[in-house]
Amino acid sequence: MITKPKGTIDVTGNDSLLWDYVNSVVATMMSAYNYEYIRTPIFEASELFHRSVGSSSDIVKKETYDFQDKGERHITLRPEGTAGVVRSYIENKLYAEPDVKKYFYNGTMYRYERPQKGRLREFTQFGVEVLGSNDPIIDAEVISLQYRILEALHIENLQININSLGDSESRENYREALVSYLKPHLDKVCPDCQERFKTNPLRILDCKVDKDSEVIKNAPKTVDYLNKESKERFETVLKYLRFLDIDYEVNPNIVRGLDYYDHTVFEIVSLDNEETKANVLGGGGRYNKLIKELDGPESYGIGFACGIDRIIDVLKDIDLYKDVKKEIECYVMYVSEEEKLYALDIVQNLRLNGIVTETNNLNKSLKGQFKEADRLSAKYLIILNNEDLKKGLVNVKDNRTKEEEKVDIAELTEYIIGNL
Ligand code: HAM
């Protein structure tokens, strides 16, 4: 038997209902906030991720799926969505258009991680990227949109952790302070962090191994190193969030695992799940340098991404299945070949009028069809027999009250819609 690759999932049965539900809530919310759907390739030139996510990040160093294609190009399966959207913005000169560009996406990402709960090798993110505005109103919109989508999905006990890395000057000042603070304590951090000290010291702050150590707890905080503009900017973002009624926690240890961030960074955590990295349902931040670094013009960007696999885990825990379960509204029953021909037409008509309809697809006896209709919890049974059909009638049985009535075929759709 061939089995699925490690760290991947099949979505079937009840889980598919939850996936459908998440996708439709996301699409509705994105539309109300006026975000345009963008689709970029699942694979890109490897260089794109080296120059955006960063060569020293864990993702690029250890977790990408890389290969050479038959034309000997270096290709990487996308580990995240931001780099591809920014590449598209530059390549298609979307920056030349006058408005702020607001994009959303929903697709699979690939990271070669050690699989565990909430951590897969193929996973799905929905996310947004807003390009072309540095106004803090956009920071507040993006953070609140992420929160409001999770709220619309009925997820409770969420916490937004927010921080600011500031502009380049602030970041550099902070980096220097952090490096001189950490130097004498290097023997007290894990081997990975000793390596990070050389390549990307900020990442030491969100190390899973060292997170509770005194060294990390007493480390200097980014917010204390923000220059005046960066500090004011951050305070404005927080003020706008308060006006949107969004609660937040300023958390100096949020530095994020990707190198492209500056200014606002944030994560959204489910407090109902145990304290693991897998309870981080989403994260994001501003990346005002990235567009230029990828050979685009001077511009601005901010976005977030949420992991749908992790969201589904939370929805399973709150037992949302019953609320999203699809109901069969009509089950059309027949026995003879002649009745079957009527059934084909009646079933199609009901379906085209938006009525969820099923029929006998296994040549079952009438008794077998009643059983199947019950199993599917069908609301109405449409029972066809030759005699009535000749008079243009069908029997409609309300499967809850068990009342039965003859209805003109021409009026069937209206009858069902009127009674549902
Ligand atoms: P990220 O924090 O790497 O950010 O991922 C965002 C979310 O994707 C995580 O919070 C988590 O829910 C989910 N996720 C990440 N890795 C896995 C995994 N191995 N298995 C399951 N779920 C996972 C980004 O990807 C940035 N591109 C977000 C962003 C957009 N920043 C600016 N714009």
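A residue counts as buried when its relative accessible area is under 20%. By that cut-off Ser 46, at 9% relative accessibility, is buried. The structure is a predicted model.

- Ser 46 lies in helix H2, which spans residues 46–54.
- Apart from neighbours within four places in sequence, Ser 46 is in contact with Asp 66, His 74, Ile 75 and Thr 76.
- Strands E2, E4 and E3, in that order, make up an open sheet of three strands with antiparallel pairing.
- Strand E2 (43–45) and strand E3 (66–68) are the edge strands, and each of them pairs on one side only.
- From one strand to the next, the twist averages 35 degrees.
- E3 is joined to strand E4 (residues 74–77) by three bridges, and the two run antiparallel.
- Within this pairing, Gln 68 is opposite His 74 in E4.
- H2 packs on the sheet and touches E2, E3 and E4. The direction of H2 makes about 80 degrees with that of E2.

**Leu 238**

- Leu 238 belongs to helix H9, residues 228–243.
- The relative accessible area of Leu 238 is 9%, so this residue is buried.
- Not counting residues up to four places away in sequence, Leu 238 touches Ile 162, Tyr 248 and Val 250.
- Between the C-alpha atoms of Leu 238 and Ala 410 there are 60 Å, and along the chain these residues are 172 residues apart.

**Strand E11 and its two partners**

- Strand E11 covers residues 301–307, and seven of its seven residues are buried, so the strand is largely enclosed by the rest of the structure.
- In a regular strand, side chains alternate between the two faces of the sheet.
- In E11, Gly 301, Gly 303, Ala 305 and Gly 307 point one way, while Ile 302, Phe 304 and Cys 306 point the other way. The residues pointing either way are all buried.
- E11 pairs with strand E6 (residues 122–131) in the antiparallel sense over seven bridges.
- E11 also pairs with strand E10 (residues 280–286), again in the antiparallel sense, over five bridges.
- Phe 304 of E11 is the bridge partner of Val 128, and Gly 284 stands opposite Phe 304 as well.

**Strand E15 and its two partners**

- Of the six residues of strand E15 (residues 393–398), five are buried, so E15 is largely enclosed by the rest of the structure.
- Strand E14 (residues 380–383) is joined to E15 by four bridges, and the two strands run antiparallel.
- Tyr 380 has Asp 398 in E15 as its bridge partner.
- E15 is also joined to strand E16 (residues 404–408), through five bridges and in antiparallel fashion.
- Asn 395 is opposite Lys 406 in E16.
- A hairpin is formed by E15 and E16, with five residues between them. In its turn, Lys 402 has a positive phi of about 70 degrees.

**Helix H1 against H5**

- Helix H1 (residues 13–32) packs with helix H5 (residues 136–152) at an angle of about 140 degrees, and their axes are 10 Å apart.
- That angle makes H1 oblique to H5.
- The crossing of H1 and H5 is right-handed.
- H1 makes this contact through Tyr 21, Val 25, Val 26, Met 29 and Met 30, and H5 makes it through Leu 145, Arg 148, Ile 149 and Ala 152.
- By class, the residues in the contact of H1 with H5 are eight nonpolar, no polar and one charged.

**Helix H1 against H11**

- The axes of H1 and helix H11 (residues 308–317) cross at roughly 115 degrees and come within 10 Å.
- The crossing of H1 and H11 is right-handed.
- From H1, the contact is made by Asp 15, Leu 18, Trp 19, Tyr 21, Val 22 and Asn 23.
- From H11, the contact is made by Ile 308, Asp 309, Ile 311, Ile 312, Leu 315 and Lys 316.
- The contact of H1 with H11 divides into eight nonpolar, one polar and three charged residues.
- Tyr 21 of H1 takes part in the contact with H5 and in the contact with H11.

Key
Residues are numbered from 1 along each chain as its sequence is written. Side-chain values use heavy atoms; hydrogens and water are left out. Axes are lines fitted to C-alpha atoms, for helices over the stretch in contact, and angles run from 0 to 180 degrees between N-to-C directions. Angles under 35 degrees count as roughly parallel, over 145 as roughly antiparallel, 65 to 115 as roughly perpendicular and the rest as oblique. A crossing is left-handed if the near helix is turned anticlockwise from the far one by less than a right angle, and right-handed if clockwise. Contact means heavy atoms within 4.5 Å. Ala, Val, Leu, Ile, Met, Phe, Trp, Tyr, Cys and Pro count as nonpolar, Asp, Glu, Lys and Arg as charged, and the others, Gly among them, as polar. Buried means under 20% relative accessible area, exposed over 50%, partly exposed in between (1.4 Å probe, protein chains only). Two strands pair if DSSP finds at least two bridges between them.
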